[in-house]
Amino acid sequence: MAESLLYVLIWTSLVAIAVVDAREHRIPNIGLLIVLILSSLYYLVSPDPVAALVSALLAALVLFVGALLLHIIKVMAPGDVKLLGTIGFVVGWDQCLSTVYWIALTSVIVGILFSAVHVAENPHVFKSTLRRYAASTPLDQSSTEKKQSPIFTAGKLQMPFGPIVVIGLALSHYF
């Protein structure tokens, strides 16, 4: 009974984190702390708590370091690094690779959808990009980016990673 309740609370907290990230483009530290505490309690009531905690810590370390490397090369935000470390702790070592696979796949799908939304909102950007590649000349962004999309700022596609991670985590549990 306690395991089921903790499991529901962990998922509720993860969904709340995803919603905050989708709205505010930030990962709340308190949400991550709550997930870590709930996951720790979940492992403590498991049949072999020591093995479960060691597995969780190993996965958390691996995902955190991998995400930190992505942050260093400016691919990932700092909150996303902490989120992936927390996800590693939640899933443990046994499910780490599967979870990363589903998060990566979800990232690609959502990235394509975000790009499609940006092109749909700014058809002139798509046309000028095609002309640029056809003519092999530099693109003058001031003439092509007349309308700024909320998902495309400062010349970069901005999509919240929290919802992607939660969707990928759900898919890894489903498949």
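Which residues does Ile-87 touch, not counting residues up to four places away in sequence? The points below start there; the model is predicted.

1. Contacts of Ile-87. Leaving out residues up to four places away in sequence, Ile-87 touches Leu-14, Leu-63, Thr-99, Ile-103, Val-165 and Leu-169. Two of these partners, Leu-14 and Thr-99, are taken up separately below.

2. Leu-14. This residue lies in helix 1, which spans residues 2-24. Its relative accessible area is 1%, under the 20% cut-off, so Leu-14 is buried. Apart from residues up to four places away in sequence, Leu-14 touches Val-35, Ile-87, Val-166 and Leu-169. Leu-14 and Pro-163 are 149 residues apart along the chain, yet 8.8 Å separates their C-alpha atoms.

3. Thr-99. Helix 4 holds this residue. Thr-99 has a relative accessibility of 0% and therefore counts as buried, the limit being 20%. With neighbours within four places in sequence set aside, Thr-99 is in contact with Ile-87, Val-91, Leu-169 and Ser-172.

4. The largest nonpolar core. This core has 26 residues, and those that touch the most other members are Leu-14, Leu-83, Leu-84, Ile-87, Phe-161 and Val-165. At least two residues each come from helix 1, helix 2, helix 4 and helix 7 (161-174). Helix 4 gives the largest share, with nine residues.

5. Helix 2 against helix 3. Helix 2 covers residues 29-44 and helix 3 covers residues 49-72; the two pack at an angle of about 145°, with 8 Å between their axes. On the helix 2 side the contact involves Ser-40, Tyr-43 and Leu-44, which meet Pro-49, Ala-52, Leu-53 and Ala-56 of helix 3. Classed by type, this contact has six nonpolar residues, one polar and no charged ones.

6. Helix 3 against helix 4. Helix 4 runs over residues 78-121 and packs with helix 3 at an angle of about 130°, the axes being 6 Å apart. The pair is therefore oblique. Their crossing is right-handed. The residues of this contact comprise 19 nonpolar, five polar and two charged.

7. Points to check against the model. In the largest core, Leu-14 and Ile-87 are both among the residues that touch the most other members, and Leu-14 is one of the partners of Ile-87.

Key: Residues are numbered from 1 along each chain as its sequence is written. This is a predicted model: local features need pLDDT of at least 70, side-chain atom pairs count only at pLDDT 80 or more; totals for chains, interfaces and linings use all residues. Side-chain values use heavy atoms; hydrogens and water are left out. Axes are lines fitted to C-alpha atoms, for helices over the stretch in contact, and angles run from 0 to 180 degrees between N-to-C directions. Helices (H or I, at least four residues) and strands (E, at least two) are DSSP runs, numbered from the N terminus. Contact means heavy atoms within 4.5 Å. Ala, Val, Leu, Ile, Met, Phe, Trp, Tyr, Cys and Pro count as nonpolar, Asp, Glu, Lys and Arg as charged, and the others, Gly among them, as polar. Angles under 35 degrees count as roughly parallel, over 145 as roughly antiparallel, 65 to 115 as roughly perpendicular and the rest as oblique. A crossing is left-handed if the near helix is turned anticlockwise from the far one by less than a right angle, and right-handed if clockwise. Buried means under 20% relative accessible area, exposed over 50%, partly exposed in between (1.4 Å probe, protein chains only). A nonpolar core is a set of buried Ala, Val, Leu, Ile, Met, Phe, Trp, Tyr and Cys residues joined through side-chain atoms within 4.5 Å.
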